[in-house]
There are 2 protein chains.
Amino acid sequence: MLETLLLPDLREMIESSDERGLHEFCEAFYPGVTANILSHLTPEEISKVLNKCHVSRKAEILPFLPIAMQVDIVEHMDRNDLSRLIEEMAADDRVDLLEQMEPEHVENLLPLIAQAERRDIRKLLSYPDESAGSIMTTDYASLPKNITVKEAIAKLRLQAPNRETIYYIYIIDEERHLLGFVSLRNLILANPDARLADIMQRDMISVKVDDDQEDVAHVINRYDFIAIPVVDQDNRLVGIVTHDDAVDVLHYEAQEDQELLVGVQPLEENYLSEPIFTLARKRGFWLIVLLVAAVFTAKVFQYFHDTVEQGAAITLIDRILMFLPLVLACGGNAGSQSAALVISYLSTLDREVKKFTVRDFWKIMGREVLVGGMIGMTLSTIAFVLSYWLLGLVAPPIVVSGTVFIVIMISTSVGALLPIIFHHYDFDPALMSTPLIAAMMDMIGVVVLFNMARLMG
Amino acid sequence: MLETLLLPDLREMIESSDERGLHEFCEAFYPGVTANILSHLTPEEISKVLNKCHVSRKAEILPFLPIAMQVDIVEHMDRNDLSRLIEEMAADDRVDLLEQMEPEHVENLLPLIAQAERRDIRKLLSYPDESAGSIMTTDYASLPKNITVKEAIAKLRLQAPNRETIYYIYIIDEERHLLGFVSLRNLILANPDARLADIMQRDMISVKVDDDQEDVAHVINRYDFIAIPVVDQDNRLVGIVTHDDAVDVLHYEAQEDQELLVGVQPLEENYLSEPIFTLARKRGFWLIVLLVAAVFTAKVFQYFHDTVEQGAAITLIDRILMFLPLVLACGGNAGSQSAALVISYLSTLDREVKKFTVRDFWKIMGREVLVGGMIGMTLSTIAFVLSYWLLGLVAPPIVVSGTVFIVIMISTSVGALLPIIFHHYDFDPALMSTPLIAAMMDMIGVVVLFNMARLMG
């Protein structure tokens, strides 16, 4: 709503370099809303707008944009401006960004960044992927135990402006061992002269820096925490993981599970940003494995068929029908993959409170045709080779591999199209379930196989 | 870990009614941890433990238990104790509980509850399912705009003990219209003499009380909020939705999507709590629809087969093979359903930081055999009737319906078993993808179909 109203004005301000107007735009909304509006512009336009924002505001807005867009935007920035921006960003957000930038670019940038931040960045960059360390932030509030509530509040006033969250304050000793915590709520409610040692909660749930990120997210979620402390092997506080990052992990893992469930190797990026070739490879891998399995099924079919029909003449059709399960599996599997990926993409749009556009539609259909073509070519070639190897005849392999190609081309398009239609008419796209698509593809597969056979015979 | 260490001691304390020990146990841990330990006991034992807790502690622990268990526990409580407990519980937690209790029980209970809480309960109970109103809480902090920061903190001290979250403080006028908000963080950092009207954030994101709960969860998540205000049609503040309830909604919706994706109508409860008959019905619905679709495919097969093989003798096997796609679809679909449900159940265990027990294993296998039997009987009967209607012959329908029954019995067991084995050996159970299970069932389906045909012929 807001986006469509503001975009024309915003574009005009960019063209006329309206410094005051753009600055006002930066400050007018909650940073996430500003980012939502900006996401409709090109990276170059966005960097022009952000140039007119105060650096601290810029550091708040940027992390709300998709990470690939962030990388594109910072490429349009002056190195000095960028190093100031990175100093201002929250510790976890900036590391997320730096991890996606060209390593060379990062190495050139780091010397320009203040020492304290630089050390912090190097440390956070060093934790293994998918560990608690890789999603934690070092922006947290910590205090010693031997001060009063009044002193604590005064100290927080000094610490807090740079802290992503001060809703839990961690109590540590001189060696940074974690002793307990006080929630900001309890601090406000406590007697100003009480000592932190007396009001702090000692029974604490913390995670280790090398714990799996999914486990960490589950713990935060299980206990309804806003944040959880992360400690090293000696129980020294090294960071915190906040609830919003935990939700992102859970979403990412759920999406990974859904992809695995239809035999797609987990995507790195969202469906529309993944390079087409990578997408074809990640979808093709299991399809090839399943194709090989289906060749064994064909062999089993052949054995039983010839045993049961002993004496009867074996026709060309008999030799083709033994591959029927293979053909139907290819169509069902490829179609299910398309449907599951598109359904998951549509739910990501909902999650990011975005609309599905006509441009998205053509992009998706274009991808499915291309990916379908690549997978179809590969699988039909393999199907040809394996069925020829099995039979030593030429006609059935031609029919089978031709059918595999056609069925895969149809199934990827149909699998992608149906959830989009459901979404458009405000039904849950997941209603267009994978078995339903498989059932359609069964019918289409039978029709194509027999017609190919008719052409041959 | 902790659970297994503490349970024997805890059981002994319950048996000897060790009042002091049980009271200490209630206070020793974070409420979520206490709930986790208690969840290994029977509802009767749990209510004995909770009886020894202070009512405010009891109100904190109870909501961390699964909702069905909460209902069982409160059935063991004295009505007066229960009404005190309900008064103490957070507004959204108690409504969640009351919604699941017998309506009659609730009506008997309400007169015992203090008037303010009773009015609040009636109001929250009145919002439609899956709306923002149904997941919001009325425990929030609100202040007028014309007071200073110092006065605000003093007022919060009075309001806060009963408020689930005071991290955002909402600024309202006399008619409760929402004007803006101040985070507790900014309140602490602000000059004590500043007026709230001058430091509050006016640009606010709020949701309407009848908005869909999924959209509300997406907004909270999109902007990394801890809570979001809920307003009525006149922009009057009526409640807030907190981040932890938003995550629960997202999880619930993701699970629903995953169930729909394999053609299971969304379960009300978790897989192991759903009554077997309901489970069979929710899985059977789409399987029957897909079976009918597969009968059309068989008809199409018959038409093309007889056209292509014109002149050749039509054998019994030909009349059976036209149902091959139907048989394979039944096996693949039923197996995929079992796999997806078990995978989703296993991930719920991870989410609740629970272990998979041998008892769970037998429960799951028992359910799958029973549900498989019910679905198998139904589908094989329908398959018999429809294939007889199609052909007017008796032999092929007997083979087809027999095969459908056997294939479904095997596929539900295999579909459930394989993810459990993967989970046991610490692989991601989702790797045992639905197409892989379908591929196995294809092979098994072919073997069973031909062997049934051999028996007949």
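Okay, housekeeping. Residues count from 1 along each chain as its sequence is written, while chains are lettered from A and ligands numbered from 1 in the order in which they are written. It's a predicted model, where local features need pLDDT of at least 70, side-chain atom pairs count only at pLDDT 80 or more, and totals for chains, interfaces and linings use all residues.

Let's start with chain A as a whole. Chain A has 22 helices and 6 strands; those are DSSP runs numbered from the N terminus, H or I of at least four residues for helices, E of at least two for strands.

On to domains, with bounds from an automatic or database assignment: domain 1 is 2-126, domain 2 is 140-242 and domain 3 is 262-456. The centres of domains 1 and 3 of chain A, over C-alpha atoms, sit 42 Å apart.

Now, a sheet to look at. In chain A, β4-β5-β6 is the order of an open, mixed sheet of 3 strands, where pairing takes at least two DSSP bridges. The edges are β4 (207-208) and β6 (237-242) of chain A, each pairing on one side only. Strand β5 (227-231) of chain A runs antiparallel to β6(A) over 5 bridges, and one bridge joins Val230(A) to Gly239(A) in β6(A).

What lies across that sheet? Helix α15 (213-222) of chain A lies across β4, β5 and β6 of chain A, at about 140 degrees to β5(A). Angles run from 0 to 180 degrees between N-to-C directions, with axes fitted to C-alpha atoms, for helices over the stretch in contact. Helix α16 (243-261) of chain A packs there too, touching β5 and β6 of chain A, at about 65 degrees to β6(A).

Last, the partner chain. Contact means C-beta atoms, placed from the backbone, within 7 Å, and by that 80 residues of chain B touch 81 of chain A. On the chain B side, helix α22 (434-456) of chain B gives the largest share, 12 residues. That side divides into 51 nonpolar, 15 polar and 14 charged residues, with Asp, Glu, Lys and Arg as charged, Ala, Val, Leu, Ile, Met, Phe, Trp, Tyr, Cys and Pro as nonpolar, and the others, Gly among them, as polar.

Methods. Contact = placed C-beta atoms within 7 Å.
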